[in-house]
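Here are a few notes to read alongside the model. Keep the structure open and find each residue as you go.

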Amino acid sequence: MLVHMELARIIISEINDQQVVFLREVDGDRSFPILIGIFEATSIDRRVQGVVPQRPLTHDLLKSAIEELGGEAEDIVINNLQDHTYFAVIRVRKDGELIEIDSRPSDAIALSVHYDPPLPIFVDDEVLGEVA
């Protein structure tokens, strides 16, 4: 079962290599952190703050590629946790078929916030049970 989550908080530290995003259950009390890199963190933070770059950056490029190839991004799903590493997919609908694209959660979340409204974020209940 998939649990609907939302981006609750992002912490960017200029002195640490690891940045943190917190996801919170939309209709519940559970939340958990995911450690991400500085580039993904700044991409997420820029979009949350409403800053749009003059030229497309990586996640803008991914969004554009999905759309130009005739797909429609539906949502992202964090679907696995192995050895303290999260796994995710970006789910894209094209010609009625649902395609799952393997992704790091940080890139999937960054892509999510590049849409208005942001793409829904889901977490597999088993993963959430392990971390929340």
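1. Let's start with Arg104, which counts as partly exposed at 47% relative accessibility; here buried means under 20% relative accessible area, exposed over 50%, and partly exposed in between (1.4 Å probe, protein chains only). Glu40, at 10%, is buried. The side chains of these two, Arg104 and Glu40, meet in a salt bridge at 2.6 Å, N to O. A salt bridge is a side-chain nitrogen of Lys or Arg within 4 Å of a carboxyl oxygen of Asp or Glu. This pair links distant parts of the chain, with Arg104 in the loop between E6 and H3 and Glu40 in helix H1, 64 residues apart.

2. Before going on, a word on ground rules. This is a predicted model, where local features need pLDDT of at least 70 and side-chain atom pairs count only at pLDDT 80 or more, while totals for chains, interfaces and linings use all residues. Residues are numbered from 1 along each chain as its sequence is written, and side-chain values use heavy atoms, with hydrogens and water left out.

3. How many salt bridges does the structure hold? There are nine. One of them joins Asp75 to Arg91, with the closest N and O atoms 2.7 Å apart. Asp75 sits in strand E4 and Arg91 in strand E5, and both residues are buried. Glu25, Arg30 and Asp125 are linked in a network of salt bridges.

4. Now the sheet: it is open, with seven strands in the order E3-E2-E1-E7-E4-E5-E6 and mixed pairing. Strands (E, at least two residues) and helices (H or I, at least four) are DSSP runs numbered from the N terminus, and two strands pair if DSSP finds at least two bridges between them. E3 (31-36) and E6 (97-103) stand at the edges, each with a single partner strand, so one side of each is left without a neighbour in the sheet.

5. Back to H1, where Glu40, Ala41, Ser43 and Ile44 are buried. They cover an arc of only 160° around the axis, which puts them on the same side of H1; the arc is that of the directions from the helix axis to the C-beta atoms. Against what do the buried residues of H1 pack? They pack against E1, E2, E3, helix H2 (58-68) and H3, contact meaning heavy atoms within 4.5 Å.
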